[in-house]
Amino acid sequence: MTRRTRTVLAGLLVIAALGACSAGSDESGITAEGAADSSAGDVVARAGSADGGTAAGADGAAAADAQQVVQTARATLLAPDPVAAAHDVVALVVRLDGRVDARYERSGTDGHDPGSATLTLRVPSAAMPTLSDDLAEIGQVREFAVETENVTTAAQDLDARITATELSVDRMVALLARAASSSEIIEAESALTERQANLERLRSERAGLADRVALSTVDVEIYAPERAPEPDPGPPTFLDGLATGWTGFVATVRTFLHVVGVLLPWLVVAGLAGAAVLVWRRRRAAVPLPPADGASGDPAARA
C-alpha cells in the first residue's frame, strides 16, 4: 500500500469518527431536552396535585374526564303517623351516609289530625337509584320525581381556571421574592393578595359543585293518607276554564233561586197586605163626605 493510499484512509477514518461524535452529541442533547421537558411536566403535575389537596381539587382531578351530574328529587310519602315516618327517614339517611339539611315536624291531635313532616335530605348519588324502594319500606310513595343537570363542562372550566390562577400565584410569589424597592414589594403584595383571593373563591365554587355532585338533594313531604294533598294537575286548559265558568254560573243560579225561595213567603205576605191597603183606600175615596155642620145640602135653603 502506498503512502498516498494510507493518507486517504486515515482521513476517512478521522471524518467517520467526527461524525459519530456529532451524532452522539445530538442524541444526548435530544435526550437532555426531553428529560427537561419531562421534569417540567412532573413539576406542573406535582403542583396541581398539591393544590388539589382539598376535597374539591381531589374530586376534580379524579373525575376530570367523567360525566358529573347533579341530581335533585322530590317525594311525597303517605304514612299513618307522619312524625314517626320522618324519624325512620332520618335513620335511613344516616345508614346511607347522607345528612339532613332541614327538618320540620308538626304533631297532630288525637283522632283528628295525624300531623305532617317535611325534610330536605342530602343522599349520596350512588344511593339514588334505590331510594324510592327504600322509602317504600317506610310508607306509601305517592310521588317520586328526579331531575338531573350535567355540570361536567362547568367543573372542567373551574379546574382549568384554578390551575391557571395557581400558576399566576406562584409567579407573583417569585416576583415578590425578587422585589428590590418598597414600591415593587407593595405592588407585588397587592397583586398576590388579589390572586390568592380569586383562587380561594374558585376553590370554594369547585368544592360546592363537587358537594352537589356527590350528594343529591331530596325534598320529602310526609302526610297521613286522608290528609294528602291532591297532585298538581298541570296548567289549566280551555276546557278547564269552560268547566269553571259553567260551575260558577250554576252556583250563581242556585244561589239566586235559594234567595228567591227564602224571600218568597215574605213577598207574598207583603203583596197581600199591600193589596188590602189599596182596596181599603179606593173604597174610602168612593164614599161621599157628609156636609159640614150648620150647612144644608139644598142650595135654595142656603140662599
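This is a predicted model: local features need pLDDT of at least 70, side-chain atom pairs count only at pLDDT 80 or more; totals for chains, interfaces and linings use all residues.
Close-up 1. Phenylalanine 249 is partly exposed, at 48% relative accessible area. Both residues belong to helix α7, which covers residues 238-286. They sit 3 residues apart there, or about one turn of the helix. The count for the model comes to 1 aromatic pair. In that pair, the ring centres of tryptophan 246 and phenylalanine 249 are 5.7 Å apart and the planes are at 35 degrees, so the pair is tilted. To be called stacked, the planes would have to be under 30 degrees apart, and edge-to-face would need over 60.

**Close-up 2. Helices α5 and α6 side by side.** Two packed helices are described by the angle between their axes and the distance between the axes. Here, helix α5 takes in residues 152-178 and helix α6 residues 182-214. Their axes come within 9 Å and cross at roughly 160 degrees. An angle over 145 degrees counts as roughly antiparallel, and α5 and α6 are therefore roughly antiparallel to each other. Where they pass, α5 makes a left-handed crossing with α6. What sort of residues make up the contact of α5 with α6? There are 15 nonpolar, 4 polar and 9 charged ones.

**Close-up 3. Glutamine 71 in strand β1.** Look for glutamine 71 in strand β1, the stretch of residues 69-78. Is this residue buried or exposed? Glutamine 71 counts as buried, because its relative accessibility is 18% and the cut-off for buried is under 20%. Setting aside neighbours within four places in sequence, glutamine 71 is in contact with Ser125, Met128, Val146, Glu147, Thr148, Ser216 and Thr217.

**Close-up 4. Threonine 76, also in strand β1.** Threonine 76 lies in strand β1, the strand that holds glutamine 71. With a relative accessibility of 11%, threonine 76 counts as buried. Which residues does threonine 76 touch, not counting those up to four places away in sequence? They are Gln140, Val141, Arg142, Glu143, Glu221 and Tyr223.

**Close-up 5. Aspartate 97 in a loop.** Aspartate 97 turns up in the loop between α3 (82-95) and β2 (99-109). Keep an eye on its backbone: phi of aspartate 97 is near 65 degrees, a positive value in a residue other than glycine. Aspartate 97 is also exposed, with a relative accessible area of 65%.

Note on methods. Residues are numbered from 1 along each chain as its sequence is written. Side-chain values use heavy atoms; hydrogens and water are left out. Rings of Phe, Tyr and Trp (its six-membered ring) pair if their centres lie within 6.5 Å; planes under 30 degrees apart count as stacked, over 60 as edge-to-face and the rest as tilted. Helices (H or I, at least four residues) and strands (E, at least two) are DSSP runs, numbered from the N terminus. Buried means under 20% relative accessible area, exposed over 50%, partly exposed in between (1.4 Å probe, protein chains only). Contact means heavy atoms within 4.5 Å. Axes are lines fitted to C-alpha atoms, for helices over the stretch in contact, and angles run from 0 to 180 degrees between N-to-C directions. Angles under 35 degrees count as roughly parallel, over 145 as roughly antiparallel, 65 to 115 as roughly perpendicular and the rest as oblique. A crossing is left-handed if the near helix is turned anticlockwise from the far one by less than a right angle, and right-handed if clockwise. Ala, Val, Leu, Ile, Met, Phe, Trp, Tyr, Cys and Pro count as nonpolar, Asp, Glu, Lys and Arg as charged, and the others, Gly among them, as polar.
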